[in-house]
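Okay, thanks for making time, everyone. I'd like to walk you through one structure today, strand by strand and then side chain by side chain. Have a look at it first.

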Amino acid sequence: MTTLKIGDKAPNFEGIDQDGLAHTLSDYGGKKLIVFFYPKASTPGCTAEACDLRDNFERFTDQNYQLLGVSADSAKAQANFKTKQKLPYNLLADENKSVIEAFGVWGPKKFMGKEYDGIHRTTFVIDENGIIEDIITKVKTKEHSAQLLK
């Protein structure tokens, strides 16, 4: 799993969002960036998490935070998720898992006794200089904003 630690330089990622636009770490220089990884768009836990962040979006922007969601869903699935839930931030469609693997959140998971590989729900808080200032691995989907806005 993730070998990244607080104080490390964030991976210099490049990903494509729901509209086909590229995003890189350097696009967010001078701003704080929250990158949250979630298993699958439009599933109950991921919807709860995305909507909690949406409902607190103004609080994030007031503190100079940008948000970026990432999953291995297609751009079409991400666009549908963003539109349906009225999400005010972009979602990367990381189908080739380059961003997911750069952050080290892909790996073995267990669900209902079955083992499989998937995305571990993890959130990284990156400061204005590209340094990781927090990593949340035990995400509470309905209270994620409270975990981030201490």
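This is a predicted model: local features need pLDDT of at least 70, side-chain atom pairs count only at pLDDT 80 or more; totals for chains, interfaces and linings use all residues.

So, let's start in the sheet: strand S3, residues 32-37, pairs with S8 in the antiparallel sense, over five bridges.

Now zoom out a bit. What is the strand order in the sheet? Reading across, we get S5-S4-S3-S8-S9, an open sheet of five strands with mixed pairing. The edges are S5, at 90-93, and S9, at 132-136, each of which pairs on one side only. On average, neighbouring strands here are turned by 20° against each other, if you ignore direction.

Let's stay with S8, residues 122-126. Is that strand buried or exposed? Mostly covered, as you can see: five of its five residues are buried. Thr122, Phe124 and Ile126 point one way, Thr123 and Val125 point the other way, and all are buried. On to the S9 side of it. S8 and S9 pair in the antiparallel sense with four bridges, and there Val125 sits opposite Asp134 in S9. The two strands make a hairpin with five residues between them, and in the turn Gly130 has a positive phi of about 80°.

S4, residues 65-71, and S5 run parallel, joined by four bridges, with Leu68 opposite Asn90 in S5. Helix H3, residues 75-84, packs on the sheet here, touching S4 and S5, and its direction makes about 160° with that of S5.

Okay, aromatics. The count comes to nine aromatic pairs. I'll show two of them. Take Phe36 and Tyr89: their ring centres are 5.5 Å apart with the planes at 80°, so this pair is edge-to-face. That pair links distant parts of the chain, since Phe36 is in strand S3 and Tyr89 is in the loop between H3 and S5, 53 residues apart. Both Phe36 and Tyr89 are buried.

The second pair takes us back to S8. Phe103 and Phe124 have ring centres 4.8 Å apart and planes at 55°, so we call this pair tilted. Again the partners come from distant parts of the chain: Phe103 is in the loop between helix H4 (98-102) and S6, Phe124 is in strand S8, and they are 21 residues apart. Phe103 is buried, and Phe124 is too.

Going back to Phe36 and Tyr89 for a second, they belong to one aromatic cluster together with Tyr38, Phe57 and Phe81. And there's a charge over a ring as well: Lys97 lies over the face of Trp106, 4.8 Å from the ring centre.

Where does Met112 lie? In the loop between strand S6 (106-111) and strand S7 (114-119). Met112 is exposed, with a relative accessible area of 74%.

Last topic, salt bridges. How many salt bridges do we count? Five. One of them joins the side chains of Lys40 and Asp73, at 3.2 Å, N to O. Lys40 is in the loop between S3 and helix H1 (44-55), and Asp73 is in the loop between S4 and H3, so this pair ties together parts that are 33 residues apart in sequence. Lys40 counts as partly exposed at 45% relative accessibility, while Asp73 is buried at 7%.

Then there's Arg121 with Glu49, where the closest N and O atoms are 2.6 Å apart. This one links distant parts of the chain: Arg121 is in the loop between S7 and S8, Glu49 is in helix H1, and they are 72 residues apart. Glu49 is buried, with a relative accessible area of 0%.

And finally, Asp55 and Arg54 meet in a salt bridge at 2.9 Å, N to O. Asp55 is exposed, at 56% relative accessible area, and Arg54 counts as partly exposed, at 25%.

Key:
Residues are numbered from 1 along each chain as its sequence is written. Side-chain values use heavy atoms; hydrogens and water are left out. Two strands pair if DSSP finds at least two bridges between them. Axes are lines fitted to C-alpha atoms, for helices over the stretch in contact, and angles run from 0 to 180 degrees between N-to-C directions. Contact means heavy atoms within 4.5 Å. Buried means under 20% relative accessible area, exposed over 50%, partly exposed in between (1.4 Å probe, protein chains only). Rings of Phe, Tyr and Trp (its six-membered ring) pair if their centres lie within 6.5 Å; planes under 30 degrees apart count as stacked, over 60 as edge-to-face and the rest as tilted. A charge sits over a ring if NZ of Lys or CZ of Arg is within 6 Å of the ring centre and within 35 degrees of the ring normal. A salt bridge is a side-chain nitrogen of Lys or Arg within 4 Å of a carboxyl oxygen of Asp or Glu.
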